[in-house]
There are 2 protein chains.
Amino acid sequence: MADDPLNMSAADAVLFSREDPMSFARGGRLDEIHVRYETYGTLNDSKTNAVFICHALTGDAHAAGIREGETKPGWWDSMIGPGKPIDTDAVFVICPNLLGGCQGTTGPSSIDPATGQSYGLDFPILDMADFVTVHRKLIAYLGIPTLLAVVGGSLGGMQVLHWALTAPQDMGNAVIIAASSRLTAQNIAFSAVAREAIMRDAGFSHGHYLEEGTSPDAGMSIARMMAHITYMSEDALGSKFGREPQNVDLTPGFGVDFAIESYLRHQAEVFLDRFDALSYLYLSRVMDYFDPFADEDACAKLAARPIPVLVCSFTSDWRFSSAQSKRIVARLVRSGIPATYREIRSDAGHDSFLLPIPEYGDVVAAFLARGLQEVSS
Amino acid sequence: MADDPLNMSAADAVLFSREDPMSFARGGRLDEIHVRYETYGTLNDSKTNAVFICHALTGDAHAAGIREGETKPGWWDSMIGPGKPIDTDAVFVICPNLLGGCQGTTGPSSIDPATGQSYGLDFPILDMADFVTVHRKLIAYLGIPTLLAVVGGSLGGMQVLHWALTAPQDMGNAVIIAASSRLTAQNIAFSAVAREAIMRDAGFSHGHYLEEGTSPDAGMSIARMMAHITYMSEDALGSKFGREPQNVDLTPGFGVDFAIESYLRHQAEVFLDRFDALSYLYLSRVMDYFDPFADEDACAKLAARPIPVLVCSFTSDWRFSSAQSKRIVARLVRSGIPATYREIRSDAGHDSFLLPIPEYGDVVAAFLARGLQEVSS
């Protein structure tokens, strides 16, 4: 405990079975889903202080702390830890790698026991409901009846929304950050170009690159570079890079010359080391189809069993703009659900949800503290 | 004349020679530059009514009218013609294919007479000054001492700016539309991703795809799809496509499912038929380096011989925003140059400069009519 104030723990769970298989919302079944997850903090005796984290498109189970042999902390280390907004001195935090991911949880690059090869494009098409099905199975496995809160940003926030709408009894509070209930045509357009880049890379080998020994590196690099442009506000790109040369002077040619080009190329390179093309395709596609409010009765369950919902967005986020968050809030409020909306001022674009912005941290901290007090009193 | 009110004519000019070669601003020389150009209208006896058109990144000499065997008119048919803002009943219009282009003018895919192969990446790196050098050679070849006006949008507008700053004596008026004097980091970022997509396509064959019989189609498709997203405003994408399925219902998978995806794919396909990868690389790279106002004395020549300059931008253009046009105007005005600025309301994004928007047409028409009247009186 003194050694690790975070009390970080990594584990793997095998969920479902032949008798109780995972049924995918759009068809398909698997007998086993392996889930890698990390936990931080300590679960209290009444099991009422668990906070569940839903990670975003390229996230993983390692949300906080520093692992053996590494120097960089987890992706949400600014948010999770002792004394941080998600305060591990008070709450128990669970963060699984998403279904379809490539960091320990079953996904399209996992080996299909039936064939001995990776599932590839034969892996079932995923739906937001499938993520939540696996999340719910995990908390049952962990023996937690009701979560204090479910928290997520971007694709993580979309999972929180789906979960709150379909199984509100699982949680006391929901936090939906930098998310959307319905991607815009522009969002879908960028997603389509990324997918085109990956699938048309000869190294993609129709999804069987693992067996073929190839790799769609160029396509993944392009997808990642383009995504990074959408994650940063134009102003932030300007202040951070402007038109600065990478080296002393500009030397016109077709290589890397401007600092922004070097940054993008670096982001692409580190991404190739840690993320898988099939996961990228499968997880991003889920976002394109997510449209919970298309159903008139979408809010009925949550309205019948309302919970406090905090929705946050950032002023410079043009990937999932404040308008998209306001749409979520408006729909919830119209259905009588106590949704609170906070727009946080930030120049950092969509990436803001990962950053230690004081106002943002305070809002989340206060919301969770109130929720914790309610279950503790 | 009765047959063709536009009086459209297409021709090829061979400019420069061994004795008078083309010297490129960033190094290199070529003994001959072939230029394809079209003209419309009739040059008056005093040769004072010529309007020179500078096309944009993927434009060509065919700015207006319908060619034999085709159904689609030239790229600026909404702007150029009898009774249109650039009124061919009153002015003579010249539109050449840009140096570095692939529609009749010498470029990187042209055959290097010295090697019998395409220049490929050995073609000299281009600079805005080189475009203007060739334009000036063309008007000398055509025997026109002073142009009534030089007009261009996007990359075309950047050429107009460079020309007006460096050889204002060539023209009576300048029209700079949806342009920039200095790309933002975001602009450069998108440009870098497009270049990455093309150059990393195995079919690019290090620029010698013509000889190798390959083609960087995937890379070009990705570049074009991404460019199209930046040319359209988010609102326009939403109203035009929203989340409509391409077919009756959405059928989740990894192919084309949403209407916006079908549109982007179509745009990419038609682009492959008409545009060349090396030209795309060379011409887009010019934009990244263009920064005329970096020089304190940039406006000295134009201030010494001022001409009316009309600068137009469009409200929803996020590729070359109004802020970028305002920067041009501010610098010109500060130097005592009579620059007029008009921001046109439009939902069509960067593409607006190609569209028949009434306020836009009126502004350009009035500006040119005033200019024509001055040389006619």
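This is a predicted model: local features need pLDDT of at least 70, side-chain atom pairs count only at pLDDT 80 or more; totals for chains, interfaces and linings use all residues.
Residues are numbered from 1 along each chain as its sequence is written, and chains are lettered from A and ligands numbered from 1 in the order in which they are written.

Chain A contains an open sheet of eight strands in the order β1-β4-β8-β5-β11-β12-β13-β14, with mixed pairing. Helices (H or I, at least four residues) and strands (E, at least two) are DSSP runs, numbered from the N terminus, and two strands pair if DSSP finds at least two bridges between them. The edges of the chain A sheet are formed by β1 (9-15) and β14; each has a single partner strand, so one side of each is left without a neighbour in the sheet. Neighbouring strands of this sheet are turned by 20° against each other on average, direction ignored. Axes are lines fitted to C-alpha atoms, for helices over the stretch in contact, and angles run from 0 to 180 degrees between N-to-C directions.

Within the chain A sheet, β12 (residues 174-177) and β13 (residues 309-314) pair in the parallel sense over four bridges. A:Val175 is placed opposite A:Leu310 of β13(A). Helix α2 (residues 155-166) of chain A packs on the sheet and touches β5 (50-54), β11 (149-153) and β12 of chain A; contact here means heavy atoms within 4.5 Å. The direction of α2(A) makes about 145° with that of β11(A).

In chain B, eight strands form an open sheet in the order β1-β4-β8-β5-β11-β12-β13-β14, and the pairing is mixed. Its edge strands are β1 (9-15) and β14 (339-344) of chain B, each of which pairs on one side only. On average, neighbouring strands of this sheet are turned by 20° against each other, direction ignored. Helix α1 (residues 128-141) of chain B packs on the sheet, where it touches β1, β4 (33-40), β5 (50-54) and β8 (92-96) of chain B. The direction of α1(B) makes about 110° with that of β1(B). Strand β13 (residues 309-314) of chain B runs parallel to β14(B) and is joined to it by six bridges. In this pair of strands, B:Val309 stands opposite B:Ala339 of β14(B).

Between the chains, the axes of helix α7 (residues 259-274) of chain A and α3(B) come within 9 Å and cross at roughly 55°. That angle makes α7(A) oblique to α3(B), given that angles under 35 degrees count as roughly parallel, over 145 as roughly antiparallel, 65 to 115 as roughly perpendicular and the rest as oblique. The crossing of α7(A) past α3(B) is right-handed; a crossing is right-handed if the near helix is turned clockwise from the far one by less than a right angle, and left-handed if anticlockwise. The contact is made by A:Ile260, A:Glu261, A:Leu264 and A:Arg265 of α7(A) and by B:Ala185, B:Ile188, B:Ala189, B:Ala192, B:Val193, B:Arg195 and B:Glu196 of α3(B). By class, this contact of α7(A) with α3(B) has seven nonpolar, no polar and four charged residues. Ala, Val, Leu, Ile, Met, Phe, Trp, Tyr, Cys and Pro count as nonpolar, Asp, Glu, Lys and Arg as charged, and the others, Gly among them, as polar.

A:Gln186 is found in helix α3 (residues 185-199) of chain A and is buried, with a relative accessible area of 2%. Buried means under 20% relative accessible area, exposed over 50%, and partly exposed in between (1.4 Å probe, protein chains only). Apart from neighbours within four places in sequence, A:Gln186 is in contact with A:Trp318, B:Ile229, B:Glu234, B:Leu237 and B:Trp318. A:Ser352, in the loop between β14 (339-344) and α11 (358-376) of chain A, is also buried, with a relative accessible area of 0%. Not counting residues up to four places away in sequence, A:Ser352 touches A:Phe314, A:Ser316, A:Ser346, A:Ile357 and A:Tyr360.

B:Lys47, in the loop between β4 and β5 of chain B, has a positive phi of about 55° although it is not a glycine. B:Lys47 is partly exposed, with a relative accessible area of 33%.

Note on methods
Side-chain values use heavy atoms; hydrogens and water are left out.
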